[in-house]
Every structure is written in C-alpha cells, then in structure tokens.
Amino acid sequence: MSGSAQSQSTQAQRHENDIAIVGFAQTDAHVRYDGPEVVLIMECVNALLAGAGIERHDIDFTIAGSCDYLSGMPFAFVSNVDGMGAWPPVYESHVEMDGAWALFEAWLRLQMGDIDVAMVVGSGKSSPCNAREVFHLQADPYVVAPLGLDPDAMAGIAARSLIESRKATETEIAEVVARSYQAAASNPHAQIRSTASVEELLAAPYDMAPLRAHDVSPKADGAAALLIARRDRARELTDSPVWITGLDHRIESHHAGLRDLTDSQSTRTTAAGSGVADGAVDVAELHVTHAHEEIILRNALNLNGSTAVNPSGGPLAGDPVMATGLVRVVEVARRIAAGEAGRGVAHASSGAALQQNLLCVLEGGA
Amino acid sequence: MAELQDIDFTLEYPYTRTTGPIIGPFLTGLRDGQILATKVGDRVICPPLEYDPDTGATVGPENLVKVGPAGEVTSWTWVTQPTSKHPFEHPFAFAQIKLDGADTTMLHAVDAGSEDAMSTGMRVVVRFRSERLGTINDVYFVPGDEPPEAPEVADEAEPVMITEHLIGVRIREPLQPHRRRFAEGLLAGKIIGQRSPADGKVHVPSRGYDATNRVPMTSEHDVEVADVGTVTSFTEIVPVQYHGQTETEPYIRCSVLLDGADTTVGGIDIRDISVEDFRVGMRLQMVWRDSGDRMGDLDNRGYGLNEEVYERWEPTGEPDVDPESLKEHNF
C-alpha cells in the first residue's frame, strides 16, 4: 500500500467546494455495551473532537445515522443527540440508515457553501434484539416482509446462486473469512479474534446453507464519527486532509426476481458515478456482512491484487450495525491520513443481498 | 426485598396497508386459490407490480394473468433455526421459485421436511393454508407437482383491500449499570443521583451522563439525595375516556426538585392533595412503601422515579420556597 502513497499524493487543484475528512473516530465493536447508546456516542464524539483539536461550537451541522428498532426505543435518535452535544442548541439531522448515508447528506449540505464544518455519526446498539427479526422489515411490506425473509436468508439464496453459476466456490467464500480474521488481528476495535484456517471453516456446519455461521457478520454495539470541512477550513484544521473526490449511492429493485443476485449492478453504476476507476485503488473497505458478498463486490469494482481489501478485517470481524458503513470510511481515511495509502474506496450497503450501495472515493494530498 | 430482573418485553404494532389495484387482486387470489402475475410487455412478473419496472409506466388490472400452481426452484437456502418471524417453527427452505408461466422468480417458503429434499431445479407446488387472511402467508410450497385442492371460498368474500401485518421486536437486556444502582437504591430506601465532574450539578435520576458537558458518569459520581423536595411545576390531568383508559378522577402530575439535586424528577402523581391547595414552591415529603412492597421493575427507558416504591407524597408543612428561585427548574 505505502508504495503508491507518493505517486497518489498529487498536488491536485482543489475547488473551494471540495470537501475533506479532517477527523475520525470509532469505538470498539462491543458484543454487548453495558451503558446507554448515548454514552457510546459520547465516547466516540469526545475522542473525535479531542483528536481533531476542535470544539463542539466550531461545528456548523451535525447528522447521525441509527435505527430505533434495534434498541426498541421510539425516538432513541432524539436522545442520541445528547451524545453529540445538545447544548447550545445544535443544527442537526438524522437518517434511519447507516452513518455512511448521513455522510452523504452532510457532504451535500456543505456544498451549499454557507457553512464549513459538519460532524457525522453512525451508531447502533443491536444487542438487545435479534437483528434478523428487525431487518426483514426493509423488504417489500406486502409480499416479502410478512414471510420474515431476513437478510441472512436472502444472503443464503444469493450465495447459492453465486456458487451454482460458478462465480465462486465454498472454498473461496471460506478464504474471505480466513483472510478477514487474519487482518482483524491488528485491528484493536475488532470483535472476533480467530486464527481459523480455511479447512477449519469449511468443517463447520451449515447455517443458511450454503452459508455457515461464520460467513455472517457478528452483530455488535458500536459507533463511528467523522468531521468533514470545506476546502479552506479543512486546510486550517489539518495538515493531512482526506479529500472526498467521489460519493454516490444507488438502489436496486425491491423485487428480488428482477435482480441478478450474483452481481451488483448498483455497485457498478455507483462506481462509475463516483469515479472509482479514475485512479489506482490502494485500499478498499467493503461492507461485507456475508462472506460471498466480497467476491461480488470485488468483481463489480474491478479490484485486482494491487488493492488491499478490508485490511481492518471488515464487518466479518465486527459489525456495529448502523455504524458499519461509516467505519469503512473511517478505516480508509485513517490509512490515507497516515500516509499508508494514497487513494482508496469505502463501500457501504443497505437492504438485503446488497440491494443499495454507496461508494466514497478518498484521496490524500494537501 | 424485590429482585431486579433483566428487561424482557415485546414492542409491537399492527400495520394496516391498502393494497391497491394489483397487490389487492394478487392477495385476493392467494386467499381464493390462485396465483396472479402481471404481463408487462413480453414478460410475466410474479409477484405482480403496478408498474413496468423498465419505464415506470402504469400496469393496470387488465394485465393480470394466472401463473403456477407449480414451478421450479432457481435458488434456495436451508433455515435450520427459524426466527419468530418465519412461517414455520421447524426447519424449512426459503427459495426463489419461477412459477409456470412466469418469467421472474418469487420468494417464498418451501416446507420440504429435510435439506436433502431440496435442490436447484426441483419442482415445487403451492399449498393453501386452511386459515387465509389475504396475506402472502396464506400459501406455502411443497416439493412436487401435485396440484393443490381448491380451497373453500366464502361466497360473500370481499376483495382484499387492506392487508394487516403485526410487526414487533422482542427486547432483552440487563439494566444499564447506572439504572441498576438507582433501582437498588430505591429498593433500599435511598434516592441515588450522580454529581457531574464537570460542573458539580447533581442529576436525579441520572441518565449515566451529563448531557450539557458531554461527560459520561460512573459509580464514582453517585451521591445520595433527600426524599424531600420542592414542587417546581404541575398540571391537573382530567382523564379523557378513550379506549383503554383506566383513570376516572382528576389528578395532579408534578415535578419535584429534591433537596441536594439540580434536576427535577418529573411525572410524580399526586392523588390526595386537592388542586386548590397545590402550588409551585410547596414542600413535599416522599412516603416510602414498606421495603417488602417495593417493586423492582425499573427499565432503561424511563427517566422518572419508579412509582412502585412510594405510597404518596405529602406536604411537610414547611414554608414555601420562593417560586422565583425555581425558574431554572420549571420542567
């Protein structure tokens, strides 16, 4: 990765509307966090502000992504504002989506030009519920959701299509998991500590055949946060801004019968819209909640051996639901800011079987 | 003394949705013994759509055609441990099924008995449940080709215009640490607050953090406050007799600033002081239940004082506090 950092560090002409990430933070992926979700957010936001050397009153706009269903607390997203700092009164917004979509709204908002700095938070406390009994509600409410057909079951169906169309093997799917676990060994925030070999993984029983339990991301409680700023303010705030050069998201039909579950057409369209292929991709963090999805996404993004995919271990080593997509952005930004990579892609997904996909293309350089 | 329990509840709501010109006939068909699709250009789409997925053009009921009752499995997964939302309590398959006459697949459940009975390309056929309500769950599939018996349909059955879906989530979690200490305090006859390390203000009940200063608080910040305080605000509630209402007589809800606290406890019921005698600034004393009668059913969501630990609040007889001094506490 570091080899291309220099070549990517071009002195690109930045437009005043260009927006950069100037700070980031994430919590551990907790199997169960004992305290309130608000404190989880507070710890993350406090780390973010301390790291960026900025005060809460320097932030013009705050937006969060979370899901009230997970904690069974209607309007939990309102109390969550306490964790971001509700006083003095804050100009804020919320999406009932992963924090990566909150980043999308904040990025659009800053391009209006009247404010300079936004804070983006993604958080989830899913441990009180069985997430499978929540997320089937994202499906068509007439002909799918009442079946309780959850994302893990949809993933099982998609994985079988992938295998039977010879686009992947069970061994390749196990290799994704083994590689994720190896990478997670150096990620202090990861939830899973495992050295399982491909052979050991393949020996495990099926759950949602042809998937196995380890092919499904372990749900966690956690939060992620980042600060973004317009060009001039970004350069004041940090010597290592990470520029958002492309950000786009697309969704596919709610009618699974109209989709090709062995490909991700919306990722291909999003990649074109965000300019993924306009430069080398040193690092890609992909929102892989089911192991075979990494294979679909690598193909849709045309990634080859020169890209480090999920060097954090990815969601298969820890899935803080509703923050997981934003964590991908944090992981790529962290590597670019540290000079370990020059250019990278963060991917977030929502809905069953990669129904909706977001790509954020990031680049270093002043 | 009562034992503190982990939290376990189900939050659920019945969702009712109008079905419209295409889904309505589709669900009516499932109830009455047939599967309908829409013919859109050269394609037959099942489950049907109200629009052409390529152009968005409206597709009307004149485009409805019958498909099935059998078809082919194009992909599937085996559910070994069904969730509470699944159509079967025993292991089964979710499958994509391309019904005879359709060009797209439909997602549904196959009651195959065992995983060995499933394979891609196998034939499956619909079965109608004996109780049908006009939902996607009126049917399921089984291996084979044998046509279903025609279900009995009531002569006067109306078309399905509304479909109902009870959604719910079961929440199970321990009391959060600050709530557990607060609850244990109440059961022991003590009111525990937390003093913010940032500004020294005492929060009762505490939420486990100081929101104003963005500071988490832990057991080292716990302090005991008095069970006597001052009314800062109140309202008289005259119960409206809606469905499920159990209150019949007017009562008072008030906020009390306990001595030693900087935040008020809200939502305290007053049932034995008349509204004519009640006023901001009045001094009140909490009268505890006997320790054996105090309940421990505190959760992580409420912010009030558990009403299951006191009998009532009664005037202390002390002179009133000047209401002007309570302006910062009127919630």
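This is a predicted model: local features need pLDDT of at least 70, side-chain atom pairs count only at pLDDT 80 or more; totals for chains, interfaces and linings use all residues.
How many residues does the contact take from chain B and from chain A? The contact takes 48 residues from chain B and 50 from chain A.

## The chain B side of the contact

Five strands of chain B each give two or more residues to the side that touches chain A: S1 (7-18), S5 (70-79), S6 (92-99), S7 (106-110) and S10 (162-173). S10(B) supplies the largest share, eight residues.

Sorted by class, this side of chain B has 21 nonpolar, 18 polar and nine charged residues.

## Domains of chain B

The domain assignment divides chain B into domain 1, residues 20-160, and domain 2, residues 175-329. Between the C-alpha centres of these two domains of chain B the distance is 55 Å.

## Overall form of chain A

Chain A contains 13 helices and twelve strands. Its C-alpha trace spans about 55 × 50 × 40 Å along the principal axes.

Of the 366 residues in chain A, 62% are buried. Contacts in chain A between residues at least 6 apart in sequence join residues at least 24 apart in 79% of cases.

## Helix H12 of chain A

Helix H12 of chain A covers residues 292-301 and is largely enclosed by the rest of the structure, because eight of its ten residues are buried. The buried residues are His292(A), Glu293(A), Glu294(A), Ile295(A), Ile296(A), Leu297(A), Ala300(A) and Leu301(A).

Just after H12(A) comes Asn302(A), with a positive phi of about 55°.

## Crossing of H2 and H4 in chain A

Helix H2 (residues 37-52) and helix H4 (residues 76-84) of chain A have axes that come within 7 Å and cross at roughly 35°. The crossing of H2(A) and H4(A) is right-handed. From H2(A), the contact is made by Glu37(A), Val38(A), Val39(A), Ile41(A), Met42(A) and Val45(A). H4(A) contributes Ala76(A), Ser79(A), Asn80(A), Asp82(A), Gly83(A) and Met84(A).

By class, the residues of this contact between H2(A) and H4(A) are seven nonpolar, three polar and two charged.

Methods. Residues are numbered from 1 along each chain as its sequence is written. Chains are lettered from A and ligands numbered from 1 in the order in which they are written. A residue is buried if 20 or more other C-beta atoms lie within 10 Å of its own, exposed if 12 or fewer, and partly exposed in between; C-beta atoms are placed from the backbone. Helices (H or I, at least four residues) and strands (E, at least two) are DSSP runs, numbered from the N terminus. Domain bounds come from an automatic or database domain assignment. Axes are lines fitted to C-alpha atoms, for helices over the stretch in contact, and angles run from 0 to 180 degrees between N-to-C directions. A crossing is left-handed if the near helix is turned anticlockwise from the far one by less than a right angle, and right-handed if clockwise. Two residues are in contact if their C-beta atoms, placed from the backbone, lie within 7 Å. Ala, Val, Leu, Ile, Met, Phe, Trp, Tyr, Cys and Pro count as nonpolar, Asp, Glu, Lys and Arg as charged, and the others, Gly among them, as polar.
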